[in-house]
Amino acid sequence: MAPALVDDAQMHDAPPLTLQHTTSTYMITASNRCLEDEPQASSLALQHPTDILPDTGHVLSNRIDHLKIRPRSGYAKLTPELFLQRRANAIRPKFSTDSYTRALPRSSLRTGLCYDVRMRFHATLDEEDVHPEDPRRIHVIYQALASAGLTKLPEGGSELENEDCLMVRIRAREVTEEEALLVHTSDHWRFLTTLPDLDKASLLNLTLTGDSVFYNNQSFTCAKLSCGGSIETCKAVWSGQVKNAIAVVRPPGHHAEPHKSMGFCLFNNVAVAARVIRQGNPECEKIMILDWDVHHGNGTQTAFYEDDSVLYVSLHRFEGGTFYPPYPDGDLTYCGEGGGLGYNVNIPWATGGIRDADYIYAFQRVVMPIAYEYQPDLVIISAGFDAAAGDKIGECFVTPAGYAHMTHMLMSLANGRVAVCLEGGYNLNSISNSALAVARTLMGEPPEPLHDVHASPKVAEVVNQVIIQQSQYWKCMEYKSINNRLSANKIKARRLHDIIRQYQARALFDNHGIAPLLVVRPSQLASPTFEDQVLATPNYDKADTLIVIVHDSADLLGVPEPGKDTIQTHNSFVMDSAKVFIEWAVNATFGVIDVNVPKYVTPDDEDDSQGVGNSGVNDDTNTLMLQLWDNYIDLSDADKIVFIGIGEGYRNVLNLISLRDCVNRVVACISFISRMPLCAVNATRDENIGYWYHKHSRVYAPMTHDALQARKLKLKYGVIEGIPEDDLDSLVQAAYPRALAFITSKLSR
Ligand SMILES: [Zn+2]
């Protein structure tokens, strides 16, 4: 079926200088011809038409005086309209629309807009419920496009209106059963065909028992239009009848699974469209679907999970599978199966509050490198605007400029063939502003500047984990070559964190006689990482005062070799933040137990599995701390004990205090954290522990930490102090004098 594009002929035959169609790019091109035709008017020809239109002939001649070009006789009487008309006539014989479209084959096309007012009839029958998937969603977007002058009111639209609209109207039509079955099961299709004839009670019952979806008698028709509209939009883009397009459609689609509706979605619009394009156009070998809706597009992932002809990339809130949809499938480890392995890229946010800079960072580090390597023939954007600032469901802060920049980057792919299909987005203001910014970008307007350019550390960490995961499948992912070199050359390389810990142990032994403390572990936990994990001074069990320091592995500050995967060792520095406390305690002849909390446990059989590994919280350290308390700390002679937790060690210390009776001997509990969330002591064992902790604790955190923005924190979080440093090592150095003063005051009582 040919795409239901309304005015192909109009588009190509339009007069070249109709104002609404003229972009500044065109003007400059046209003016080059002018330079030859009308040398004396050359300066004028470079003016943008909007500069010229409001002026009178008088002003024009003033400009010419200023530029010291003698006006031709009669110029003073030239009206702007006449001027444009004369120039158009001068151009036309030598520079036809044909040569223009040949010179700029895609940018000379217009952007398509698919919209059909009938899609507003799908609505909830529950009169009590103000449902966020509101029929007005598509209406407000259309209004925004019309108010901005990109298309025309009334919404009904007619073919004639295309003549002087900046956007070409793409007519929505109903998806056929045959098309829908390219993704969906026939049972699902049959189920939806029953909707028009059901009574209100049955429809309400389906709404009640369904997976976050509502139905009325019009739902089937609306869903068919939404899906068919998405197909026509993709077809118009693929066939080159528009340069790119946006489909303002509802109900959305990306949650719809092959066998069922869910998450406000009935048909998976984008998935069906991709299959239809692939089936009808063998030359369209690869399609990329970029899903920036704040929710994971579980249905789209399912549809193409074993298919390498569709690359699915999704950025979404995940939070361990607790954010909708409530499945583990949105995690970064879900990378496809069989032939589709490596063609599914999930970028799962661990929290809300994600901003422009975070999305841009993920685009620059993951989305665009993979897209360049994949080289799609067509890009479809699953464009939910529920990560937009103001959306109460998404709770993120993406601005219209952020969406514009993402669109702009994607337009560099697939020869500009980008089809944008609306998914979610529930704040009517946010979605209309965001969709307008996307539409303007598609049409060639440069994106507005971004005001937020620094990605947050928590997002950088997620992106890094995605890179490590995807480096198994993509050459461009920067760790790929490290893994290849390790496995191909069978180099017996050692992980640096183990080497550094070994060095620390050796130095502490040489300087202070500090030696490893024997910790009995289950045999499956044999690992070089644990060999020097716990160190202690010889007097740890006899000293009156015992300092227990639980800290992260030392960080390495290093300069990479340009263009290589190696790091310049002479420009790398070991950041050992625990060292100052150990030296202080040893000089004071206190007993010291030093516990290293590794971010990664090196496997015992490292040779077989060597490669870049994802870090994770090591639960084993909690068990280790309890073991240390029961077998060493509690049995020691010390009557005063100080806990110092640095980084992840903070959690382990709080866990120990919650589970063991420490309050009589522990006099101070000091913690240093950078970006990690605040932890509380657990009052299950001792209901007064919160009060005790508040009296005996200091938690040093960056001034910008979320916890310091809260008005009042409960006692169980302890006393938080802000430090004007962000990274952990600098923060420990800066807070050291204060921390020491606090410890000393507690020890002197
Ligand atoms: Zn959504």
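The 4 donor atoms around the zinc ion subtend angles of 53 to 155°, so their arrangement is irregular. This is a predicted model.

## The zinc site

The protein donors are Asp-293 (OD), Asp-293 (OD), His-295 (ND1) and Asp-386 (OD). They lie 2.0 to 2.7 Å from the zinc ion. In sequence, the donor residues follow the spacing D-x1-H-x90-D. His-295 and Asp-386 link distant parts of the chain, 91 residues apart. His-295 sits in the loop between β4 (287-291) and α14 (298-304). Asp-386 sits in the loop between β7 (378-383) and α16 (400-410). His-295 is buried, with a relative accessible area of 7%. Asp-386 is also buried, at 0%.

## The chain as a whole

The protein chain has 27 helices and 18 strands. It has 749 residues, and 52% of them count as buried. Among contacts with a separation of 6 or more, 75% join residues 24 or more positions apart.

## Nonpolar cores

Nonpolar side chains tend to be buried together in soluble globular proteins. Here the largest nonpolar core has 112 residues. Met-288, Trp-292, Leu-315 and Leu-410 have the most contacts inside this core. Helix α15 (residues 356-374) gives the most to the core, with 10 residues.

What does Leu-410 touch, leaving aside residues up to four places away in sequence? Its partners are Met-288, Leu-290, Trp-292, Phe-363, Met-368, Val-379, Ile-381 and Val-418.

A second, separate core has 41 residues. Met-625, Met-676, Leu-678 and Ala-707 are among them.

## A covered strand and a covered helix

In a regular strand, side chains alternate between the two faces of the sheet. Strand β2 (residues 167-170) is covered on both faces. Met-167 and Arg-169 are buried on one side. Val-168 and Ile-170 are buried on the other. Strand β1 (residues 111-114) runs parallel to β2, and 4 bridges join the two. Cys-114 stands opposite Ile-170.

Helix α24 is mostly covered, with 8 of its 11 residues buried. The buried residues are Gly-649, Tyr-650, Asn-652, Val-653, Leu-654, Leu-656, Ile-657 and Ser-658.

## Salt bridges

The count of salt bridges comes to 23.

| Pair | N to O distance | Separation in sequence |
|---|---|---|
| Glu-232 and Arg-173 | 2.6 Å | 59 residues |
| Arg-665 and Asp-634 | 3.1 Å | 31 residues |

Glu-232 lies in helix α12 (residues 219-238), while Arg-173 lies in the loop between β2 and α9 (177-180), so this pair ties together parts that are 59 residues apart. Glu-232 and Arg-173 are both buried.

Lys-260 is partly exposed, with a relative accessible area of 26%. Asp-211 is partly exposed too, at 21%.

Arg-665 lies in the loop between α24 (649-659) and β16 (666-672). Asp-634 lies in the loop between α23 (620-633) and β15 (640-646). Is Arg-665 buried or exposed? Arg-665 is buried, with a relative accessible area of 18%. Asp-634 is partly exposed, at 37%.

Glu-133, Arg-137 and Arg-250 are linked in a network of salt bridges.

## Backbone details

Arg-250 returns here. The peptide bond from Arg-250 to Pro-251 is cis, with omega near -5°. Pro-251 lies in the loop between β3 and α13. A cis peptide bond also joins Tyr-324 and Pro-325, with omega about -5°. Pro-325 is in the loop between β5 (310-317) and β6 (344-349).

The loop between β5 and β6 also holds Glu-319. Glu-319 is not a glycine, yet its phi is positive, near 55°. Thr-589 likewise has a positive phi, about 55°, although it is not a glycine. Thr-589 is in the loop between α21 (579-587) and β14 (591-597). At 59% relative accessibility, Thr-589 counts as exposed, because the cut-off for exposed is over 50%.

Methods. Residues numbered from 1 in each chain as written. Predicted model: local features only at pLDDT ≥ 70, side-chain atom pairs only at ≥ 80, totals over all residues. Heavy atoms only, no water. Donors = N, O, S within 2.8 Å, 3.2 Å for Na, K, Ca; no water. Tetrahedral: all angles 85-135°; square planar, octahedral: opposite > 155°, others 65-115°. Buried < 20%, exposed > 50% of the residue type's maximum accessible area, 1.4 Å probe, protein only. Core = buried A, V, L, I, M, F, W, Y, C linked by side-chain atoms within 4.5 Å. Contact = heavy atoms within 4.5 Å. Pairing = 2+ DSSP bridges. Salt bridge = Lys/Arg side-chain N within 4 Å of Asp/Glu carboxyl O.
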